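I opened the model with a plain list of things to look up. My entries follow in the order I made them.

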Amino acid sequence: MTSPAQLSAMLKSEGQRLGMDLVGIAPAVTPTGISRLQSWIERGFAGEMHYIPRRATAYEHPEHVLPGVRSVVMVAVNYKGAGERGSAGVREQGREDHGDSVADLPHPQTPALPGRIASYAQSRSDYHDVLKPRLQQLADVLHAAAPSCRTRCVVDTAPLLERDFARLAGLGWFGKNTMLISKRLGSFVFLAALLTDADLEPDAPHATSHCGTCTRCLEVCPTDAFPEPGVLDARKCISYLTIELKGPIPLDLRTGVGEWLFGCDLCQDVCPWNRKSPPATDATFAPLPELASLDALEILRASDADLRTRFRESPLARPGPAGLKRNAAVVAGNLGDDAAIPVLCETLNHVDPVVRGASAWALGCLGGTAAQEALNTRRQFEDNPDVIVELESAASRFIS
Ligand code: SF4
Ligand code: SF4
């Protein structure tokens with residue numbers, strides 16, 4: 001019979017062979033962060049991510065994810081970009097064919113109205129789809145050595161405090177920006193877990209913090225989303241606003257969204273630990289330079305069906321076509337380029353009121369006779385009360 005120490009060593013070496021940069025093992029316990037999660041929910045910081053409070057009890061112990069669980073194998077995969085991303089230094093091993101992906105589709109060399117995309121969404125496929133089969137391969141190795149064991153792979157797909165278990169497994173600490181930071185890899189890492197009822201040898205938890213007196217992440221946030229170090233008010237975070245939120249982006253936060261079309265990396269970009277860390281070595285996860293930004297005008301012009309097809313295997317599918325268009329309209333308003341006016345006059349008539357409202361706001365930012373006429377025309381037959389408020393607020397900016 002294979003001992004817990006032997007199984008653990010085997011999983012670590014196999015995990016690395018499968019392209020996982022860090023592999024650590026935590027005991028299946030109530031995570032120390034559970035009280036932090038509860039207080040975070042009580043303070044309303046989860047916003048409209050109702051699935052979090054709904055599953056609050058399930059987060060209390062990984063037993064709710066896999067009955068009888070004894071060990072949690074945590075893996076981290078580096079997705080940090082480099083100056084010359086996608087270069088010959090990028091390792092192709094482990095790359096999987098997912099057919100046409102967003103990266104295979106034509107992109108303009110220089111977007112007319114560049115909207116920024118968070119790094120994690122710049123790889124050629126959705127990391128959920130790529131990591132899951134690799135974790136399953138790791139589980140197969142465990143099953144071969146311990147045939148009676150049970151396993152479950154988790155890639156953001158179950159109520160598990162992945163960052164807490166990553167810290168418990170010794171992979172890193174929580175930065176003041178709430179991200180898990182590895183001394184070696186920084187914070188641009190995907191986390192995933194393999195739960196098992198097999199006994200494994202746990203690693204020592206990462207007990208220290210290495211932020212020191214640094215406060216760069218707290219200071220750089222354009223929407224002031226950190227009420228205190230290590231606590232994120234998701235309702236103010238651009239990642240939440242552009243990806244999770246279904247309705248309109250609150251008026252007082254739209255300017256702070258700036259050029260971000262999908263997500264935001266600012267509080268990670270400024271982190272000194274990310275400056276020192278190496279770029280991703282696996283081509284599957286490395287960000288593609290051509291996806292660092294997308295043309296907001298192109299997003300606004302595209303049909304909803306085209307956007308669905310284009311992003312069907314990308315994280316950019318999550319906000320849906322209307323969410324992407326809402327974001328593109330806000331970016332267009334913030335960029336202040338009149339070239340967006342004709343297309344915004346068209347999206348002012350979009351079937352989704354959230355797109356109409358954001359388009360009205362953007363036209364109010366851009367100004368000009370054409371924008372004013374479009375707002376007035378739409379106002380004559382608009383029947384959605386929220387959009388009427390947006391139209392009138394935008395139109396009022398012309399009166400001065
Ligand atoms: Fe602020 Fe951007 Fe970090 Fe969100 S991701 S907390 S908006 S800096
Ligand atoms: Fe910690 Fe500074 Fe990085 Fe923020 S920017 S997570 S304070 S080291």
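Strands and helices here are DSSP runs, strands being E with at least two residues and helices H or I with at least four, numbered from the N terminus. Two strands pair if DSSP finds at least two bridges between them. I checked valine 77 and found its bridge partner in S7 to be phenylalanine 190.

Housekeeping note: this is a predicted model, so local features need pLDDT of at least 70 and side-chain atom pairs count only at pLDDT 80 or more, while totals for chains, interfaces and linings use all residues. Residues are numbered from 1 along each chain as its sequence is written, chains are lettered from A and ligands numbered from 1 in the order in which they are written, and side-chain values use heavy atoms, with hydrogens and water left out.

**The sheet around S2 and S7**

I traced an open sheet of 4 strands, ordered S1-S2-S7-S4, with antiparallel pairing. S1 (22–27) and S4 (151–154) are at the edges with a single partner strand each, so one side of each has no neighbour in the sheet. From one strand to the next the twist averages 20 degrees. Angles run from 0 to 180 degrees between N-to-C directions, and axes are lines fitted to C-alpha atoms, for helices over the stretch in contact.

I then looked for helices on this sheet. Helix H1 (residues 4–17) packs on it and touches S1 and S2, its direction making about 145 degrees with that of S1. Contact means heavy atoms within 4.5 Å. Helix H4 (residues 127–145) lies across S2, S4 and S7, at about 35 degrees to S7.

**The other sheet**

I noted 3 strands in an open sheet, order S8-S3-S9, with mixed pairing. Its edge strands, S8 (260–262) and S9 (293–295), each pair on one side only. The twist here averages 45 degrees from one strand to the next. S3 (residues 114–117) pairs with S9 in the antiparallel sense over 3 bridges, and proline 114 has aspartate 295 as its bridge partner in S9. H13 packs on this sheet, touching S3 and S8, and its direction makes about 170 degrees with that of S8.

**H13 against H15**

I followed H13 (residues 320–335) to H15 (residues 353–366): their axes come within 8 Å and cross at roughly 5 degrees. That makes the two helices roughly parallel, a label for angles under 35 degrees, with over 145 roughly antiparallel, 65 to 115 roughly perpendicular and the rest oblique. Among the residues that meet are Ala322, Lys325 and Arg326 in H13, and Val354, Trp361 and Leu366 in H15. I logged the contact as 11 nonpolar, 3 polar and 2 charged residues. Nonpolar takes in Ala, Val, Leu, Ile, Met, Phe, Trp, Tyr, Cys and Pro, charged is Asp, Glu, Lys and Arg, and the others, Gly among them, are polar.

**The two ligands**

Which residues are around ligand 1? I found Cys221, Cys237, Cys264 and Cys267 among them, along with Phe226 and Ser239. A residue counts as near if one of its heavy atoms lies within 4 Å of the molecule. H7 (238–244) and H9 (266–269) each supply at least two residues of the shell, which divides into 9 nonpolar, 2 polar and no charged.

Around ligand 2 I noted residues including Lys176, Cys211, Cys214, Arg216, Cys217 and Cys271. H6 (216–220) and H10 (272–276) each give at least two residues to this shell, which has 7 nonpolar, 2 polar and 2 charged.
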